[in-house]
Amino acid sequence: MAEYVLPMDEEEKDRLDFQTRLAWLSLADEHPETQVLGVDLAAVQPMFVPPNLQFEVDDLEKDWNFTHKFDCIHSQLVIGAFQDWPRFIKQSLQFLEPGGYLEVHDIDFVIKCDDGTLPDDSDLIRWHTLMHEGASAAGFPLDAISKVPQMMRDAGFEDVVAIPVKWPINTWPKDRHHKEIGQWAPENFSWGCQSMSLAFFTRALGWSTEEVTVFTAKVKKDLRTRKYHAYWNFWIIYGRKPGGGQSQADRS
């Protein structure tokens, strides 16, 4: 059973609303000819939405009971919310039309640094280590995304494509493209750092709320430190349900 492990405080609601506006509202606005259905465990959606956008509160790790199938299923930033990724992928295949696509956009929550500028004893490194310990104890893997492409192939998806994109922790890169990507990380993690940590740290690791507050303030400082050339891999993954036309292999 899925469980939203993060406390639904105002900070977390703001973070989720920010993500919602980026994803579902933009998609519905840009494609008014489509019908878009957003599904979440919590009722955090904005009140005013385009007429072709609807929201449902549901648990996608339970049996799906949608009355129709979809041309595309899109999942975004749910690492730490799913316990059973293979089940989600199998149900996605079941509820797609032949030739429909499953698309997964998510972070590989494994901090990386290629030039040694991120100290091993930094609070940012310690945060990642503790987050993985707490998440593993709670049954919510934070490093599942790199395994999703093979899960999709095993479930029966064809033409699976997996593209890792560097997501810098801030604007440290010199090139314009990655610097722009790095502008979004502080927006997401500065809002959600404490909320993301509270459930795992207090329930699984035995920390007090006060200890989490003090520690995550240090983590946020590291996230803003431009001399730390660190990044995550953000994965863009998609695959096609067989049928509904030729496969990529047939076309090439």
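Me: How many residues does helix α3 have, and how far does it reach from its first C-alpha to its last?

Reply: Helix α3, residues 123–138, has 16 residues and reaches 22 Å from first C-alpha to last, close to the 22 Å expected at 1.5 Å a residue. The expected span is 1.5 Å times one less than the number of residues. Helices (H or I, at least four residues) and strands (E, at least two) are DSSP runs, numbered from the N terminus. This is a predicted model, in which local features need pLDDT of at least 70 and side-chain atom pairs count only at pLDDT 80 or more, while totals for chains, interfaces and linings use all residues. Residues are numbered from 1 along each chain as its sequence is written, and side-chain values use heavy atoms, with hydrogens and water left out.

Me: Which residues of α3 are buried?

Reply: Start with the general idea. An α-helix has 3.6 residues a turn, so residues three or four places apart point the same way. Buried means under 20% relative accessible area, exposed over 50%, and partly exposed in between (1.4 Å probe, protein chains only). In α3 the buried residues are L124, W127, H128, L130, M131, G134 and A135. They pack against β4 (96–113), α6 (184–204), α7 (209–223) and β6 (230–240). Just after α3, G139 takes a positive phi of about 85°.

Me: What does the side chain of D106 reach?

Reply: A polar contact is a pair of N or O atoms within 3.5 Å; within protein, one must be able to donate a hydrogen and the other to accept it, and residues adjacent in sequence count only if both atoms are side-chain atoms. Here, the D106 side chain reaches the backbone nitrogen of V78 at 2.6 Å. D106 lies in strand β4 and is buried, with a relative accessible area of 1%. Contact means heavy atoms within 4.5 Å. Leaving aside neighbours within four places in sequence, the contacts of D106 include L77, V78, W85 and F234.

Me: How many aromatic pairs does a search of the whole structure find?

Reply: A pair of aromatic rings is described by the distance of the centres and the angle of the planes. Rings of Phe, Tyr and Trp (its six-membered ring) pair if their centres lie within 6.5 Å; planes under 30 degrees apart count as stacked, over 60 as edge-to-face and the rest as tilted. The search finds 15 aromatic pairs. One of them is F66 with F70, edge-to-face at 5.2 Å centre to centre and 85° between the planes. Both F66 and F70 are buried. W167 and F234 are also edge-to-face, at 5.4 Å and 90°. This pair links distant parts of the chain, with W167 in strand β5 and F234 in strand β6, 67 residues apart.

Me: How many disulfides does the search find?

Reply: A disulfide is a pair of cysteine sulfur atoms within 2.5 Å, and the search of the whole structure finds zero. As for individual cysteines, C72 is partly exposed at 45% relative accessible area, whereas C193 is buried at 0%.
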